[in-house]
Amino acid sequence: MRIRGRRRCTDCGREWSYFETGRVACPDCGSLRSVGTGDRERHTDSPAELDLSEHRNALDSATGIGDVADGLKSTLRDYVRKRGFVRGVDLRTVDDTVLAAAELLHAVDVYERTRDPTDEMRLYVLSLLRGADGGDRPAPEEVPSEMTDARGLAYAEVLDGFCSDLGVWLEDHPDPSARTVRETLETHIARVDALYGDVPAAESESLVRAARELATYLRDDDEVALATARDRLSRLE
C-alpha cells in the first residue's frame with residue numbers, strides 16, 4: 001500500500017515519521033489530530049519489537065515448552081505478521097530476527113506435534129527462544145534432523161514475503177536483472193513449499209544469502225552481489 005510517511009500534529013505542530021513509529025498519535029502531546037504530509041510512498045514494514053523475555057521467564061523446572069506454547073506462538077505470529085521489506089523508498093533486507101522468529105514459531109509447532117520429542121529437539125527450541133529476539137540464529141549444521149522442516153518452511157515463508165514486497169518495489173525501480181533473479185528465487189521457494197520444508201538446512205541458508213545479495217545489489221548498485229546471488233541459485237538447480 002502507499003501511505004504518507006510524514007505526519008504533522010494539528011494541535012502542537014510536531015512532525016514525525018510514520019514509517020518509524022507506526023502511530024498517528026503525536027509523540028509530543030499525544031494528540032490524535034494529525035495529518036499526513038508529503039507524497040504517498042509504498043510501505044509494508046510496520047515498526048515492531050520482538051521481546052520474548054516473558055516467555056523465557058515463564059520456563060522453569062515446573063513448566064515445559066507446551067505450557068508456554070500458545071502465548072509464545074501468539075507473540076511470534078504478531079511480530080512476523082507486522083514485518084515487511086519496503087519502508088517508503090527503501091528496500092529492507094531479510095534480517096536475522098524475523099528469520100529466527102519465524103523458525104521458532106514453526107519449531108514449537110513441530111515440537112508439540114511430536115509424540116515423544118527428543119532432548120535434542122527440546123534444547124533446540126530453547127536455543128531459539130533464548131536468542132531469537134536478539135537475532136541469534138543457530139548455524140545450519142546445528143539444526144537437528146527433526147527440525148530441518150521447521151527451518152525450511154519458516155525461511156520459505158519469510159523469503160516469499162520478501163519476494164512479494166520486492167516485486168512491488170521493482171514496479172517503482174525497474175531492473176530487469178534483479179527481476180530475473182527474483183523469479184529464480186521464487187521458483188526455489190515454491191519448491192521448498194511443495195516439499196513442506198524438507199530440504200537441507202544448508203539449502204535454506206543459501207536462499208537467504210541469495211535474497212540478501214539481491215537486496216545489496218539494489219541498494220548499493222553492487223554488481224558483484226548480483227552475480228553472487230545468481231551463481232548461488234544456479235548451484236541449487
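Helix α7 (residues 176-194) packs against helix α8 (residues 201-220) at an angle of about 160°, and their axes lie 11 Å apart. Because angles over 145 degrees count as roughly antiparallel, α7 is roughly antiparallel to α8. The model is a predicted one.

**α7 with α8**

- The crossing in which α7 passes α8 is left-handed.
- On the α7 side, the contact is made by S177, A178, V181, R182, L185, H188, R191 and V192.
- On the α8 side, the contributing residues are E203, L207, A211, L214, Y217 and L218.
- By residue class, this contact of α7 with α8 comprises nine nonpolar, two polar and three charged residues.

**α7 with α9**

- The α7/α9 crossing is left-handed.
- From α7, the residues in the contact are S177, V181, T184, L185 and H188.
- From α9, the contact takes in L226, A229, R230 and L233.
- The residues of the α7 contact with α9 divide into five nonpolar, three polar and one charged.

**Residues of α7 that face both partners**

- S177, V181, L185 and H188 of α7 take part in the contact with α8, and S177, V181, L185 and H188 also take part in the contact with α9.
- T184 of α7 is listed in the contact with α9, while R182 and R191 of α7 are among the residues in the contact with α8.

**D220**

- D220 lies in helix α8, the helix that spans residues 201-220.
- The relative accessible area of D220 is 53%; because exposed means over 50%, D220 counts as exposed.
- D220 and E186 are 34 residues apart in sequence, and their C-alpha atoms are 22 Å apart in space.

**K73**

- K73 sits in helix α3 (residues 65-82).
- K73 has a relative accessibility of 8%; since buried means under 20%, K73 counts as buried.
- Apart from neighbours within four places in sequence, K73 is in contact with L105, V108, D109 and E112.
- Two of these contact partners, D109 and E112, belong to the charged class, whereas L105 and V108 are nonpolar.

Definitions and conventions
Residues numbered from 1 in each chain as written. Predicted model: local features only at pLDDT ≥ 70, side-chain atom pairs only at ≥ 80, totals over all residues. Heavy atoms only, no water. Axes fitted to C-alpha atoms, helices over the stretch in contact; angles between N-to-C directions. Helix = DSSP H or I, 4+ residues; strand = E, 2+ residues; numbered from the N terminus. Parallel < 35°, antiparallel > 145°, perpendicular 65-115°, else oblique. Left-handed = near helix turned anticlockwise from the far one by under 90°. Contact = heavy atoms within 4.5 Å. Buried < 20%, exposed > 50% of the residue type's maximum accessible area, 1.4 Å probe, protein only.
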